[in-house]
Amino acid sequence: MARYILRRTLISLPVLLAISVITFFFFFLSGHPIAVYASNPSVTAEDLIRLEKTYGFDRPLYVQYLFWLRNIVTGDWGQSFLTHQDVFAMIMERLPNTLILMVTAFVFTLIVSITLALYTATHQYSISDYLVTAFSFFGYSMPSFWFGLMLIIIFAVKFKEFGWPSLPAAGMFPIRGEPSFFELVRHLILPVTVLSLASMARYTRYLRSSVLEVLNQDYIRTARAKGLATRVVVWKHALKNAVIPLLTLIMLDIPFLFSGALITEQVFAWPGMGRMYWEHAVWVDYPVLMGILVLISVLVVVCNLLADISYAFVDPRIKLQN
């Protein structure tokens, strides 16, 4: 196991290097980082030249990349063009808020998806099965930004107008009053619902199909023939094998939840990394954008590795080759 993990980790290094090269050069193809200052009438041509020298943009592009890569590896992620703060410190300040949103959405998605998938798989072609299928199509096709705005209008605006208990539409805590766990939960309800909807629909459909396939296997028939209760057969025998194909999808979805947070955090003014990325993308704040993309790239590679390793723990028949 240790040799396998070491080998996969070593293989991941050139993958991360290739991602960094592509990301870096594509950023410069999209526009010069200093170009955002050119439209400012108070910034002269001499100021632009001085900024280029200060940030090293007057050097050849490959030299800039090598310096940037060295700084990223050594922990110097540069300073924001907009706020002049340390990029790594800015990301670490926003990361806990995003993790609170991501972890809550992920746990909620898994609980609801597994419950619905197992119920519909054991009640195939029932009314509840058709209802869950309709919900899955709705959740998978619903644009997150539109759905988020509709939830705000209904549960934050209209409910308040009718005098009903309403939900907060923005932020992590109320502007007035002391932050509390109860207020955090209230502020989480709407963004977690939006962020979980598409993944919940996808996991439910995927796991339902996988469970139905497993329930038709011979060892499941044997377990039923032994007189085991349906609950034991489904939860102990069927689910463990049905969830294996879903692991890859789940692990790959973890880093891409940050991409979904880009829109969700902006709609609900959640003070996380997604909103920070949006704010700094408007100003082409190159160090901040590159720092966040590097973090997401590392998450993608790590989650792929964790998916491969988790197979062996879920299914003893799978052996990781050294």
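User: Which helices are included in what covers the buried residues of α6?

Analyst: Buried means under 20% relative accessible area, exposed over 50%, with partly exposed in between (1.4 Å probe, protein chains only). Here the cover includes α5 (87–122) and α8 (181–215). This is a predicted model: local features need pLDDT of at least 70, side-chain atom pairs count only at pLDDT 80 or more, and totals for chains, interfaces and linings use all residues. Residues are numbered from 1 along each chain as its sequence is written, and side-chain values use heavy atoms, leaving out hydrogens and water.

User: How many residues does helix α6 have, and what is its reach?

Analyst: Helices are DSSP runs (H or I, at least four residues), numbered from the N terminus. The expected span is 1.5 Å times one less than the number of residues. Helix α6 (residues 127–141) has 15 residues. From first C-alpha to last, α6 reaches 21 Å, close to the 21 Å expected.

User: Which residues of α6 are buried?

Analyst: S128, D129, V132, T133, S136 and G139. They lie on the same side of α6, because they cover an arc of only 140 degrees around the axis. That arc is taken from the directions from the helix axis to the C-beta atoms.

User: Which exposed residues sit on the face turned away from the buried side of α6?

Analyst: That face carries I127, Y130, L131, F137 and S141.

User: How many helices and strands does the chain have?

Analyst: There are 13 helices and 0 strands. Of the 322 residues, 40% count as buried. The C-alpha trace spans about 85 × 65 × 35 Å along its principal axes.

Terms used. Helices (H or I, at least four residues) and strands (E, at least two) are DSSP runs, numbered from the N terminus. Contact means heavy atoms within 4.5 Å.
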